[in-house]
Amino acid sequence: MQTDFSPAQLADPATAQSEGAIRKCVHCGFCTATCPTYVLLGDELDSPRGRIYLMKEMLEAEAVPTAEVVKHIDRCLSCLACTTTCPSGVDYMHLVDHARAYIQNRYRRPWHERFVRGLLAYVLPSPSRFRMAIRLARFGRPFTGMLRSIDGLKPLAAMLDLAPKSLAPPAPLTSSPARMTRGRIVLLKGCAEPVLRPEIREAAVRLLNRSGFDVVFANGEACCGALVHHMGHEEASLAAARRNVDAWTAELNGEGLDAIVITASGCGTTIKDYGFMLRNDPAYARKAARVSALAKDISEMLAAIELPAHVDRGIKVGYQAACSLQHGQKVTEAPRRLLASVGYDVRVPRDAHLCCGSAGTYNILQPQIAGELGRLKVGNLEELRADVIATGNVGCATQIGAWTGVPVVHVVELLDWATGGPTPPAMIDRYSEGSQE
Ligand code: SF4
Ligand code: SF4
């Protein structure tokens with residue numbers, strides 16, 4: 001695509017980066033076939049190519065974004081299916097990140113959008129606030145129907161729908177004593193995941209310890225910043241990145257680290273991008289690049305080693321590939337191969353490349369499109385007649401779990417179970433032999 005940025009505009013590194021991405025687009029339209037919003041809505045402006053055009057016009061003109069442009073950018077899931085399909089290698093991820101930050105800085109949203117986005121940015125990155133919000137949700141639940149009937153307040157209804165009715169107690173940050181031989185790793189504590197599904201981190205620690213790794217939790221680590229990053233809150237996401245880079249650099253420079261392991265693939269994609277996000281910060285650029293190079297999704301980490309002895313449970317698993325893992329990190333084979341290697345019968349649904357509609361806060365901010373994608377995904381997964389659905393991201397587990405009666409677990413819970421851990425809590429009703437450890 002031809003561009004018309006001035007030299008002064010291109011002196012800004014973010015604009016120069018976006019210009020490079022836009023210029024690579026050759027209008028071929030291959031990406032439209034795999035874009036969930038284009039597949040659903042059939043509007044060119046809700047396709048990657050259409051959005052690239054809108055972003056180009058907005059950034060070139062240095063215009064105040066119009067409500068129409070914001071609508072189409074907001075509808076993008078940041079699922080990155082387009083980056084997997086694009087033959088020209090358009091860096092859509094950093095382009096849309098830039099556009100979102102631009103919109104956040106220059107566009108005044110209606111009050112109800114500001115309220116909901118502000119609430120999400122305040123609550124979700126903090127496990128204690130998130131836990132409190134879920135407890136308070138029961139007081140709002142009787143008003144869900146009323147909220148759903150008011151256009152601007154539908155996101156509040158979606159929030160209440162997605163809030164679990166009960167919560168497990170906070171999971172302690174425990175690991176086995178330092179007696180391992182394979183290496184020392186930091187496990188990301190996470191923010192939403194340990195509140196919604198504390199069993200994921202517990203399973204990860206058990207499995208990593210059993211596989212011979214020392215697991216540590218870094219002091220000073222915070223939310224990775226992915227949720228605010230996707231809402232365009234650039235300063236908040238950079239502050240989160242710097243804080244985590246400091247926390248993990250202290251571990252690296254202390255007893256040393258072999259990897260930074262992440263169980264939520266949405267967080268992993270952002271942490272792997274810290275090197276890019278902080279590339280223009282002289283105090284952090286090198287440290288952030290070092291951290292990003294050490295970041296690994298737990299399935300990547302485990303795929304590189306031999307897992308402990310396993311019990312073959314003969315269970316059918318429908319594998320839901322999280323977009324952040326398959327498109328964001330290009331980790332496609334590892335989770336399926338790991339599950340198959342410990343005896344699970346792994347099945348993949350139709351249209352596995354399409355997003356389930358979770359996408360960070362998307363299922364709250366765009367409940368209608370997210371609902372349609374959720375129903376579509378669950379229909380495809382249920383066709384597999386699997387005993388359980390496994391995924392690598394807590395957001396997908398929450399979204400899919402809202403639409404199906406089939407248990408939904410994290411891949412690591414099944415690997416832990418097969419190699420000596422307890423039955424995943426979501427499966428206890430059906431497979432109740434309890435802990436084997
Ligand atoms: S596939 Fe790539 S090059 Fe083709 S229209 Fe989409 S973004 Fe542009
Ligand atoms: S990130 Fe996903 S929703 Fe957004 S344009 Fe690309 S394929 Fe479409």
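In what order do the four strands of the open sheet stand? The points below take up this matter and the surroundings of the ligand.

1. Basis of the note. The model is a predicted one, in which local features need pLDDT of at least 70, side-chain atom pairs count only at pLDDT 80 or more, and totals for chains, interfaces and linings use all residues. Residues are numbered from 1 along each chain as its sequence is written, while chains are lettered from A and ligands numbered from 1 in the order in which they are written.

2. The sheet. The order is S6-S5-S7-S8, and the pairing is parallel. Strands here are DSSP runs of E with at least two residues, and helices are runs of H or I with at least four, both numbered from the N terminus; two strands pair if DSSP finds at least two bridges between them. Strand S6 (345-347) and strand S8 (408-410) form the edges, each pairing on one side only. On average, neighbouring strands of this sheet are turned by 35° against each other, direction ignored.

3. Strands S7 and S8. S7 (residues 388-391) runs parallel to S8 and is joined to S8 by three bridges. Threonine 391 has histidine 410, in S8, as its bridge partner.

4. The helix across the sheet. Helix H21 (residues 334-341) lies across S5 (316-320), S6 and S7, and runs at about 170° to S5. Contact means that C-beta atoms, placed from the backbone, lie within 7 Å. Axes are lines fitted to C-alpha atoms, for helices over the stretch in contact, with angles from 0 to 180 degrees between N-to-C directions.

5. Two residues with positive phi. Lysine 330, in the loop between helix H20 (323-328) and H21, has phi near 60°, a positive value in a residue other than glycine. Alanine 359, in the loop between S6 and helix H22 (362-365), has phi near 50°, likewise positive. Lysine 330 is exposed because 10 other C-beta atoms lie within 10 Å, whereas alanine 359 counts as buried, with 27 such neighbours inside 10 Å. The cut-offs are 20 or more other C-beta atoms within 10 Å for buried, 12 or fewer for exposed, and partly exposed in between, with C-beta atoms placed from the backbone.

6. The shell around ligand 1. Ligand 1 is surrounded by 15 residues, the closest being Cys25, Cys28, Cys31, Cys86 and Ser88; a residue is near if its C-beta atom, placed from the backbone, lies within 6 Å. Helix H4 (48-61) and helix H6 (81-85) are the elements that give two or more residues, and H4 provides the largest share, three residues.

Terms used:
Contact = placed C-beta atoms within 7 Å.
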